[in-house]
Amino acid sequence: MKKSILIVYLAILCSVLPLIAEAVARVDFIAAGTKPYPYWKFEGFRFDSYTPSRAGIESLLELEHSAIQDKEIKNSNTQKYALIGHSQGGLRVLAYPAFLKKRSESTEITVYDKNGKPETVSLSESDRLRYKAEYDNIQAVITVSGIDKGLKALDGGLGRLRSVIQNDAMTVYLGVNGVMRIDPGLMVILDVIPLTPLLELDQTRAFLIGLIPDEAGGFIKPLFYKYTNIDDVAELRDMTPNSEFIRKHVATTTDRMVRVPIGEHDVWHVTWTIFGPIPWVTREMAYTFFTMKEDVEVKIPPEMPVGYIVGRNSNTLSMANVKDPNNETYVRATCFALQNLFFAAGNLHLAQVGLGFGLINGSVTSSSECFAAATWMATIDAQMTEIVGSTESDGLVAKENQFVQKQFRDPGTGVVTYPHDNVVGSDPRGYTEFPQYNHANIFVATNKDVDDEYVIMLQQSVKQRKR
Amino acid sequence: MRRAKSISLPSAICHLPSAICFFCLVCLGCNTGLTKEQPGHELFKQNPVSVNWDTGSSDKIESFSSDVEVYTMNNRKDTAMKLQNKYRITTKTINDVTYSRIDFTSSSIDSRMTAIVSDGTTTIMFDPLTNQVQMRLKESVPPALKTIGSLISFGRINLSLIRSEAQRAALDMSEESGNRLVINFPQSMLVSNARERLQSSKIVFDTKNEILVESETVRIQTDGTTTTTTTIPVYELVNDIPVKVGTYTTINTKVPTLIEGFNSDVKIVNSPDELPTLSPERAAELREAGQLFEKSDMVFGNPADLSSVVTVVEIYKDVEINQTSDDLFKMIMEDVK
């Protein structure tokens, strides 16, 4: 339990504001080895140590394009290669072909420097040919747990994530206050961390953010402090679903929310009349809610084969184990201890309600708030899922955002369209799932099964790449 | 001892099947009197309350014991009530002291906290199997609050005693139309700290039927968030005596500020009825095809506004009246001695 205490305090201390930084290329050339082609590896976004920057993903592409060009010029290399990108690197490799192709066809373009500053420049014929040559050298694109269509946690802007976490913080904060009102000595009895640091809402929020593994939640801290302008966190801005960057280089996605009935239930109501409050009940349908996605205006060039490797271990907390195999256990133990504490406090308030005076002194509210906080702790996985924004994910990126649809069947008319069907991989659905891997461990060299899928995808690209 | 027949009540203490019934009731000009003709609450029809009253001992409720199921629903997130908690509550008045005991039934919690017993001054948390005490805590409740609280029973209330105690404590007491007696409690009696202030608290009695009909507290936090909690007990008639069989509570939280940073095109859904419906079969097909994905963060209303109304419904089951042995409170009675 002591280690969990450490985690909590580190989480609170870690709310130090970073400085604005310049963009740095995150690519590496990997020789073919046993694969049909060598490839450029595009690393992901640094969730664990994000430094806010006004340089967006477009700036990164400029830098990465330069790095690739430098190597090609140095080696007079005209060898075909693939692009394999993980996480935000998936989004960048997916955007890269459209980025190059557009330049090979333009006389004037906007370039972004490493601080994100745009500048309009003219392109000569030789420039365009250089872009075309580089485009032609790309054999295929593979995204691995890619934030291909954005990070669903940011859907609707930074406000969505702030809202979810602020709501969670309020739930826990009110539970903490419920404990303090009944008896702080409960913490000693139940061996729970001292809650005194959580008596302020922003400290509770920092504590909850600290429960999220850094590999998934490190970027959240700046959102609640100094950097309220989305352009100050430009990479996050570009990772917002349907961001300008994604619409420009990948696709536009339309969302339609629908409901699916799951059965009837009672809903209680009370109406106030001159005769007093009257409780009554209605039978109403309960629903689960879904989003129907349709990818339209796909910008990935149709001649470019794309493979999507989709991580499906949705246990967000397990991502913490990449650094220390016991981290998840510590977080769960902390949550369990807090669950018991809030539960005990809730019941102590209930005892006061049972004695009558609890109806007068606020114990009705406090018991409910303590139970809500206990439920939050007991359902930590569901809380992480809510932050991620999807029940199907790799612990960070929603499944549906890890690939561009190969086909779409209109549920009304049954008409099938093919947004981008030049897809490679062993699964005919257009994406290959790996249920055992989360976002943090899917892109390591020792994953032979993922490596084998790269080979299959690259072999298929031989026939599917059109030039 | 015999099993008593339970009958639903109308108006302030009734459970009506629908809004239509409610309006019919209003049109017919019903009052808060007890009748035996209204249909039972549907929730209780599905979960009938069995009330066992040892009428051989007393026609007053001296002890009350019941299993309680607690359901909650948040108007911003839920479309159904969820079972949140289960416990057994027992209260008994012995030699003018009211005792309360809570036994937990959940198996997922820490085994050290399976029962709580309290007399309003001392509370003991213990393991009922071994009687090992885990914790003792002292309550610092204002005497008037404790006394009036002890008079709020699970059925008919001695209002004359309530009035005299309220007068003795110089509480703000008013008789209102509709046979309502309202007692307001001063802030000096209510708990406040640096983070929150209990702004007001009142209890409302039906003087005709001699029952508690409502309690309300208003709490304000330092950031301006206001929480109004209203609890309405629900009763049934047993041998012509009202017996509490549940409560209906709303916790209305108003957060004064909005969360910033939402895109201007965020879709706001105020009600599930605004969304098209897919059959479960069609939904399964589309999910399999990778077109449909569960939305784990559904919020009704403006997502930037964190205000909410949480409804908490307590349903009593297997109510036992005047059947509780003093032994259940032996631990605290001996402890106090």
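Chain A carries 15 helices and 13 strands, where helices (H or I, at least four residues) and strands (E, at least two) are DSSP runs numbered from the N terminus. Chain B has six helices and 17 strands. Heads-up: this is a predicted model, so local features need pLDDT of at least 70 and side-chain atom pairs count only at pLDDT 80 or more, while totals for chains, interfaces and linings use all residues. Residues are numbered from 1 along each chain as its sequence is written, and chains are lettered from A and ligands numbered from 1 in the order in which they are written.

**The two chains overall**

- Of the 467 residues in chain A, 56% are buried; that label takes 20 or more other C-beta atoms within 10 Å of the residue's own, with exposed meaning 12 or fewer, partly exposed lying in between, and C-beta atoms placed from the backbone.
- For chain B, the buried share is 42% of 337 residues.
- Along its principal axes, the C-alpha atoms of chain A fill a box of roughly 85 × 50 × 45 Å.
- In chain A, 79% of the contacts between residues at least 6 apart in sequence join residues at least 24 apart; a contact here is two C-beta atoms, placed from the backbone, within 7 Å.
- For chain B, residues 24 or more positions apart account for 57% of the contacts with a separation of 6 or more.

**Where A meets B**

- The contact draws 84 residues from chain A and 104 residues from chain B.
- On the chain B side, those residues split into 57 nonpolar, 34 polar and 13 charged; Ala, Val, Leu, Ile, Met, Phe, Trp, Tyr, Cys and Pro count as nonpolar, Asp, Glu, Lys and Arg as charged, and the others, Gly among them, as polar.
- A:M292 sits in strand β8 (residues 276-296) of chain A, and it counts as buried because it has 20 C-beta neighbours inside 10 Å.
- Leaving out residues up to four places away in sequence, A:M292 touches A:R256 and A:V258 in its own chain, plus B:L286, B:Q291 and B:L292.
- A:M292 and A:V258 are 34 residues apart along the chain, with 7.2 Å between their C-alpha atoms.

**Helix packing in chain A**

- Helices α5 (residues 158-182) and α13 (residues 363-378) of chain A pack at about 125° with axes 8 Å apart; axes are lines fitted to C-alpha atoms, for helices over the stretch in contact, and angles run from 0 to 180 degrees between N-to-C directions.
- That angle makes α5(A) oblique to α13(A), given that under 35 degrees is roughly parallel, over 145 roughly antiparallel, 65 to 115 roughly perpendicular and the rest oblique.
- The α5(A)/α13(A) crossing is left-handed, that is, the near helix is turned anticlockwise from the far one by less than a right angle (clockwise would be right-handed).
- Residues meeting there include A:D168, A:L174 and A:R181 from α5(A) and A:E369, A:C370 and A:W376 from α13(A).
- By class, the α5(A)/α13(A) contact has eight nonpolar, four polar and three charged residues.
- Helices α3 (residues 88-104) and α4 (residues 125-137) of chain A pack at about 150°, with their axes 8 Å apart, and this crossing is left-handed too.
- A:P97, A:L100, A:K101, A:R103 and A:S104 of α3(A) meet A:R128, A:Y131, A:K132, A:E134 and A:Y135 of α4(A).
- The α3(A)/α4(A) contact comes out as four nonpolar, one polar and five charged residues.

**A mostly covered helix in chain A**

- Seven of the nine residues of α14 (residues 380-388) of chain A are buried, among them A:I380, A:M384 and A:E386.
- The cover over the buried residues of α14(A) includes α5, α12 (327-354) and α13 of chain A.

**Strands and a helix in chain B**

- Strands β4 (residues 63-74) and β5 (residues 82-94) of chain B pair antiparallel over 10 bridges; pairing needs at least two DSSP bridges between the strands.
- B:E69 has B:K86 of β5(B) as its bridge partner.
- β5(B) also pairs antiparallel with β6 (residues 97-104) of chain B, over eight bridges, and there B:R88 is bridged to B:D103.
- The β5(B)/β6(B) hairpin has two residues between its strands, and B:N95 takes a positive phi near 50°.
- Buried residues in α3 (residues 143-151) of chain B include B:L145, B:K146 and B:I148, and the buried residues of α3(B) pack against β6 and α4 (159-168) of chain B.
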